[in-house]
Amino acid sequence: MEKKVFQGKNVQEALKKACSYFDVDESGLLYTVLNESSRGFLGFKSKDARIEAEMLPKKLSIEDDVLRFLSPLFEQMALSPTVSVRQEDNNVFVDVNGDNVGILIGHHGETMYAIQYLLSLAVNKKQDTYYKIVLDISSYRSKRKEALEVLARNKANICRQRGRYAFEPMSAGERRIIHMALEHEKDIETHSEGKEPMRRIILVHKR
């Protein structure tokens, strides 16, 4: 940031000149008073006030922080997606769409969730308030939710035949979708077993 010395008949006048030069109000300045004004003796050797001032760095918006983190990643992967950022209170929704962005999703969203985790760290490091970052790529979340709901109902039917069914390990968010999809199936009990990242849902048929 550029630092510059300003002087005036008093500190306030010097500040006014600094504000005019940097085109900000006083809240946008960081300044140090080098010397106060003095009248001298009998009007001789009077001194103007002098300050050294610079602009405070502008705080980036949430959207700027998101784009600053994602842009280098897209460049390295030769991708040119469109990114939209929507903020609702302390929730920040980041939607990525475009050609060949499926590579950013990974198996069952693993790559997407990893990017989301790193993005959350990068954004919240610069903010005074914690923001929950929700990254979605090519509407993967809604598509995956629909697929899991269909899968849950299909496996519930298998469970009715076998008496028990164990899903493959899933993330906590995906397990929640399975539980909710089957919560009204009175003859199917759902619970989770195992430790992360191998925790899975077990279905039991209540006869």
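A charge counts as sitting over a ring if NZ of Lys or CZ of Arg is within 6 Å of the ring centre and within 35 degrees of the ring normal. That is the test behind the contact in point 2 between Lys-4 and Tyr-21.

1. Ground rules. This is a predicted model, with local features needing pLDDT of at least 70 and side-chain atom pairs counting only at pLDDT 80 or more, while totals for chains, interfaces and linings use all residues. Residues are numbered from 1 along each chain as its sequence is written, and side-chain values use heavy atoms, with hydrogens and water left out.

2. Lys-4 sits over the face of Tyr-21, 5.3 Å from the ring centre. Rings of Phe, Tyr and Trp (its six-membered ring) pair if their centres lie within 6.5 Å; planes under 30 degrees apart are stacked, over 60 edge-to-face, and the rest tilted. The whole structure has four such aromatic pairs. In one of them, Tyr-21 and Phe-22 have ring centres 5.0 Å apart and planes at 90°, so this pair is edge-to-face. Phe-6 joins Tyr-21 and Phe-22 in a cluster linked by ring pairs. On accessibility, buried means under 20% relative accessible area, exposed over 50%, and partly exposed in between (1.4 Å probe, protein chains only). Tyr-21 is partly exposed at 41%, whereas Phe-22 is buried at 9%.

3. Another edge-to-face pair. Tyr-165 and Phe-167 pair up at 5.3 Å centre to centre, with 85° between the planes. Here Tyr-165 is buried at 16%, and Phe-167 is buried too, at 2%.

4. The cores. A nonpolar core is a set of buried Ala, Val, Leu, Ile, Met, Phe, Trp, Tyr and Cys residues joined through side-chain atoms within 4.5 Å. The largest has 20 residues, and the members touching the most others are Val-66, Val-94, Val-96, Leu-104, Ile-133, Leu-135 and Ile-137. Elements here are DSSP runs numbered from the N terminus: helices (H or I, at least four residues) and strands (E, at least two). Two or more residues of this core come from each of helix H2 (62-76), strand E5 (91-97), helix H3 (110-124) and strand E6 (132-137). Contact means heavy atoms within 4.5 Å. Leaving aside neighbours within four places in sequence, the contacts of Val-94 include Val-66, Leu-70, Leu-119, Ile-133 and Leu-135. A second, separate core has 13 residues, among them Ala-152, Tyr-165, Ile-177 and Ile-188.

5. Helix H4. Which residues of H4 are buried? They are Tyr-140, Arg-144, Leu-148, Ala-152, Lys-155, Ala-156 and Cys-159. An α-helix has 3.6 residues a turn, so residues three or four places apart point the same way. The buried residues of H4 pack against H3, E6, strand E7 (164-166), helix H5 (172-181), strand E8 (188-193) and strand E9 (200-205). Just after H4, Gly-163 has a positive phi of about 95°.

6. Salt bridges. The rule is a side-chain nitrogen of Lys or Arg within 4 Å of a carboxyl oxygen of Asp or Glu, and the count is nine. Arg-160 meets Glu-185 at 2.7 Å, N to O. Arg-160 is in helix H4 and Glu-185 in the loop between H5 and E8, so the pair ties together parts 25 residues apart in sequence. Arg-160 also bridges to Asp-187, again with 2.7 Å between the closest N and O atoms, and this pair spans 27 residues. Arg-160 is partly exposed at 24%, as are Glu-185 at 27% and Asp-187 at 23%. Elsewhere, Arg-86, Glu-88 and Asp-95 are linked in a salt-bridge network.

7. The loop between E8 and E9. Glu-196 in this loop pairs with Arg-175 in helix H5, 21 residues apart, as a salt bridge of 2.7 Å, N to O. Arg-175 is buried at 8%, while Glu-196 is partly exposed at 47%. The peptide bond from Glu-196 to Pro-197 is cis, with omega near 5°.

8. Backbone spots to look at. Most residues other than glycine have a negative phi, and most peptide bonds are trans. Asn-100 has a positive phi, near 60°, and lies in the loop between E5 and H3, exposed at 63%. His-108 has a positive phi of about 55°; this residue is also in the loop between E5 and H3 and is partly exposed at 27%.
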